[in-house]
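Please look over the structure shown below before reading the notes that follow, which take up the sheet, the helices and the nonpolar core in turn.

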Amino acid sequence: MIYQLITSKEADKDMAFLKKSEIKAYHKAKELFRELKEHPRTGTGKPELMKHGKFRGLWSRRINKKHRLVYSINDKEVIVIVLTAKDHYDDK
């Protein structure tokens with residue numbers, strides 16, 4: 001099953017920032033986006049279901065040491081929504 005990938009406005013801004021200032025992280029995030037479409041719960045970036053705080057129930061993947069993707073998965077509608085793509089979720 002292939003998931004539809006949707007990015008929030010914040011994730012779009014994050015990607016524009018990465019493309020401009022951290023090109024390696026930008027390319028890694030694009031690679032992770034492709035992976036999310038096929039298997040949002042497994043793969044590279046150490047996918048992790050977040051269990052605490054305001055991100056409870058969301059998923060996280062490492063782009064690099066500094067940056068994380070934070071996203072939600074809707075299996076009923078077969079959608080992955082990327083909420084953020086910059087910084088570490090503890091930095092928000």
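Predicted model: local features only at pLDDT ≥ 70, side-chain atom pairs only at ≥ 80, totals over all residues.

**Briefing on the fold**

E4 and E5 run antiparallel and are joined by 5 bridges; the two strands form a hairpin with 4 residues between them, and Val78 in the turn has a positive phi of about 55°.

**The sheet**

- The sheet is open and has 5 strands, in the order E1-E5-E4-E3-E2, and its pairing is mixed.
- Because E1 and strand E2 (48–49) each have a single partner strand, they stand at the edges, and one side of each is left without a neighbour in the sheet.
- E1 and E5 run parallel and are joined by 4 bridges, with Leu5 standing opposite Val80 in E5.
- E3 and E4, by contrast, pair in the antiparallel sense over 4 bridges, and Trp59 stands opposite Tyr71 in E4.
- In a regular strand, side chains alternate between the two faces of the sheet.

**The helices**

- Helix H1 packs on the sheet, where it touches E1 and E5, and its direction makes about 60° with that of E5.
- Helix H2 (residues 23–38) has 16 residues, which at 1.5 Å a residue should span 22 Å; its end C-alpha atoms are 24 Å apart, in agreement with that expectation.
- H2 lies across E1, E3, E4 and E5, and runs at about 140° to E3.
- The residues of H2 that are buried are Ala25, Tyr26, Ala29, Leu32, Phe33, Glu35 and Leu36.
- An α-helix has 3.6 residues a turn, so residues three or four places apart point the same way.
- The buried residues of H2 pack against strand E1 (4–7), helix H1 (9–21), strand E3 (59–62), strand E4 (68–74) and strand E5 (79–84).

**The nonpolar core**

- The largest nonpolar core has 18 residues, and those with the most contacts inside it are Met15, Leu36, Ile63, Leu69, Tyr71 and Val82.
- Two or more residues of this core are given by each of H1, H2, E4 and E5, and the largest share, 6 residues, comes from H2.
- Ile63, leaving aside its neighbours within four places in sequence, is in contact with Leu18, Ala25, Lys28, Ala29, Leu32, Arg68, Leu69 and Ala85; among these partners, Ala25, Ala29 and Leu32 are buried residues of H2.

Key. Residues numbered from 1 in each chain as written. Heavy atoms only, no water. Expected span 1.5 Å × (residues − 1). Buried < 20%, exposed > 50% of the residue type's maximum accessible area, 1.4 Å probe, protein only. Contact = heavy atoms within 4.5 Å. Pairing = 2+ DSSP bridges. Axes fitted to C-alpha atoms, helices over the stretch in contact; angles between N-to-C directions. Core = buried A, V, L, I, M, F, W, Y, C linked by side-chain atoms within 4.5 Å.
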